[in-house]
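This report describes a structure for a reader who has not seen it before. The sequence and the model come first, and the description follows.

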Amino acid sequence: MKNRLKVLRAENSFTQEDLADIIGVSRQTINAIEKEKFDPSLPTAFRISKLFKLPIEAIFYFEEN
Amino acid sequence: MKTARKKNLYQLAAWTWSWVATMAIATFGPKYIWDDHTVLTALAVSVNFANGILMIIANRNLFNKFDELERKIHLESLALTLGLTVVVGLSYSLLDTTNLIAYTAEISNLVLFIGVTYLICVTINTRRYV
């Protein structure tokens, strides 16, 4: 799954640590999501979507190879 | 979240060290401290067992404070460790019962194997996601 988390975080001047604290996960988890090595759970995706005031599909999207 | 997690981590460390200490007392106490007194030995073993249960509870509490990625990492590591322990442990036991090894298969070797395997699995899985 692809995502725009890194771009959105930069646009809002958040560090990975800031975002991790707000969402309630570790900094490593934010890093893994940004690098698309790990897909977040639905509650985490909803928290991210609420924080950036965007629908989930505007942040996370599926791209078939 | 971080404070609660740190508290759980310290609790687990405290219970683990006290479990190791009570294990040492229960192991060496009968020979070096109380001269094979049965009641004292039974008491030492009981205290060690109770301490072990509290250590497990502390470990579960820490696990519940993990976030989703950490849980995934530890769950995968636990699955691998469990599988390897069953396979390696039974093969090791077979080597002993069929007299293919000259010494007796000790449970302590298996405990050591579990610890090392889990540590390696957690390290590899952590590197995979970071």
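Which residue with a positive phi follows H3(B)? H3(B) is followed by Asn99(B), whose phi is near 60°. Helices here are DSSP runs of H or I with at least four residues, and strands are runs of E with at least two, numbered from the N terminus.

**Basis of the model**

This is a predicted model, in which local features need pLDDT of at least 70 and side-chain atom pairs count only at pLDDT 80 or more, while totals for chains, interfaces and linings use all residues. Residues are numbered from 1 along each chain as its sequence is written, and chains are lettered from A and ligands numbered from 1 in the order in which they are written. The predictor's confidence in each residue, pLDDT, runs from 0 to 100. Chain B has a mean pLDDT of 94, with 99% of its residues at 70 or more. For the model, ipTM is 0.87 and pTM is 0.85.

Domain bounds come from an automatic or database domain assignment. For chain B this assignment gives domain 1 (1-65) and domain 2 (67-130). The centres of domain 1 of chain B and domain 2 of chain B, taken over C-alpha atoms, are separated by 22 Å.

H3(B) has 30 residues and spans 43 Å from its first C-alpha to its last, close to the 44 Å expected at 1.5 Å a residue. The expected span is 1.5 Å times one less than the number of residues in the helix. A residue counts as buried if 20 or more other C-beta atoms lie within 10 Å of its own, as exposed if 12 or fewer do, and as partly exposed in between, with C-beta atoms placed from the backbone. In H3(B) the buried residues are Leu69(B), Glu70(B), Ile73(B), Ser77(B) and Thr81(B). Their cover includes H3 of chain A together with helix H4 (107-129) of chain B. Leu75(B) also lies in helix H3 of chain B, but Leu75(B) is partly exposed, because 13 other C-beta atoms lie within 10 Å.

The loop between H3 and H4 of chain B holds Asn99(B). Asn99(B) counts as exposed because it has 7 C-beta neighbours inside 10 Å. Ala105(B) is also placed in the loop between H3 and H4 of chain B. Two residues are in contact if their C-beta atoms, placed from the backbone, lie within 7 Å. Leaving aside neighbours within four places in sequence, Ala105(B) is in contact with Tyr92(B), Ser93(B), Leu95(B) and Asp96(B).

Chain A also has a residue with a positive phi. Ser13(A), which is not a glycine, has a phi near 55°. Ser13(A) is found in the loop between helix H1 (5-11) and H2 of chain A. Most residues other than glycine have a negative phi.

**Where the chains meet**

The contact between the chains takes 12 residues from chain A and 7 residues from chain B. On the side of chain A that touches chain B, the largest share, 4 residues, comes from helix H3 (residues 27-34) of chain A. That side of chain A has 4 nonpolar, 7 polar and 1 charged residues. In this count Ala, Val, Leu, Ile, Met, Phe, Trp, Tyr, Cys and Pro are nonpolar, Asp, Glu, Lys and Arg are charged, and the others, Gly among them, are polar.

**Nonpolar cores**

A nonpolar core is a set of buried Ala, Val, Leu, Ile, Met, Phe, Trp, Tyr and Cys residues joined through C-beta atoms within 7 Å. The largest has 13 residues, and Ala20(A), Ile23(A), Ile30(A) and Ile33(A) have the most contacts inside it. At least two residues of this core come from each of helix H2 (16-23), H3 and helix H4 (42-51) of chain A and helix H3 (68-97) of chain B. Another core, of 5 residues, lies apart from it, with Leu12(B), Met55(B), Ala58(B) and Leu62(B) among them.

Ile23(A) is in helix H2 of chain A. Ile23(A) counts as buried because it has 20 C-beta neighbours inside 10 Å.

**Pairs apart in sequence**

| Pair | Separation in sequence | C-alpha to C-alpha distance |
|---|---|---|
| Leu75(B) and Val122(B) | 47 residues | 9.3 Å |
| Leu9(B) and Ala58(B) | 49 residues | 8.1 Å |
| Ala105(B) and Pro30(B) | 75 residues | 24 Å |
| Ile23(A) and Ala45(A) | 22 residues | 9.3 Å |
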